[in-house]
Amino acid sequence: MIIRDGMLDEALLIHNNVAELNSIHSIAYYLNRIASRQYKLLVAEVSGKLAGYKLGYWEDIQNFYSWLGGVLPEYRRFGVAQQLLGTQEAYVREVGGHRICVKSMNKYPGMLILLIKNGYYITNVVPSSSGENKIEFTKSL
């Protein structure tokens, strides 16, 4: 498995092939959110094929927000998400960040378990008009 810096078109391709995620119709969706922020996009490759991605951005000089990610179904249970998470954490540490925040939902139990196993703590529950509340996790580095 190789974890490397990725491109937004790769993230879009992966994202739209993960059935449980809402489709994203264009790279403009990503660009709208990250705008002028410094971001980090990681992709995982297994045997030269895209397997997953993790995209986050700096909220300020010490706090990194891990925004979106996903692993293609055929590459689950191979540690892809764990490798992406570990690489993201290493990056944040290397450049002097002190905290990573991420939001998830109950409908993604694998992600909730991954975060808890890696030392993330629930810090907030953000109500949603759709009824799918977002659970906010934070990890100090």
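Predicted model: local features only at pLDDT ≥ 70, side-chain atom pairs only at ≥ 80, totals over all residues.
Zooming out, β6 and β7 sit in an open sheet of seven strands, ordered β1-β2-β3-β4-β5-β7-β6, and the pairing is mixed. β1 and β6 (121–126) are the edge strands, each with a single partner strand, so one side of each has no neighbour in the sheet. On average, neighbouring strands are turned by 25° against each other, direction ignored.

| Strands | Bridges | A residue pair |
|---|---|---|
| β1 (residues 2–5) and β2 | four bridges | Ile3 with Ala44 |
| β2 and β3 (residues 49–58) | eight bridges | Lys40 with Gly56 |

β2 and β3 make a hairpin with two residues between them, and Ser47 in the turn has a positive phi of about 50°. As for cover, β2 (residues 39–46) is mostly tucked away: six of its eight residues are buried.

Helix α3 lies across β1, β2, β3, β4, β5 (99–104) and β7, running at about 35° to β3.

How far apart are the end C-alpha atoms of α3 (residues 80–94)? They are 21 Å apart, which agrees with the 21 Å that its 15 residues should span at 1.5 Å a residue. The buried residues of α3 are Val80, Leu84, Leu85, Gln88, Glu89, Tyr91 and Val92. Seen down the helix axis, they fall within an arc of 165°, so they line one face of α3. After the helix comes Gly96, with a positive phi near 90°.

What does its side chain reach? The side chain of Lys139 makes a polar contact with the side chain of Glu89 at 3.2 Å, and it also reaches the backbone oxygen of Asn118 at 2.7 Å. Leaving aside residues up to four places away in sequence, Lys139 touches Glu89, Arg93, His98, Arg99, Ile100, Asn118, Gly119 and Tyr120.

Technical notes:
Residues numbered from 1 in each chain as written. Heavy atoms only, no water. Polar contact = N/O pair within 3.5 Å; in protein donor to acceptor, adjacent residues only side chain to side chain. Contact = heavy atoms within 4.5 Å. Buried < 20%, exposed > 50% of the residue type's maximum accessible area, 1.4 Å probe, protein only. Pairing = 2+ DSSP bridges. Expected span 1.5 Å × (residues − 1). Arc of directions from axis to C-beta. Axes fitted to C-alpha atoms, helices over the stretch in contact; angles between N-to-C directions.
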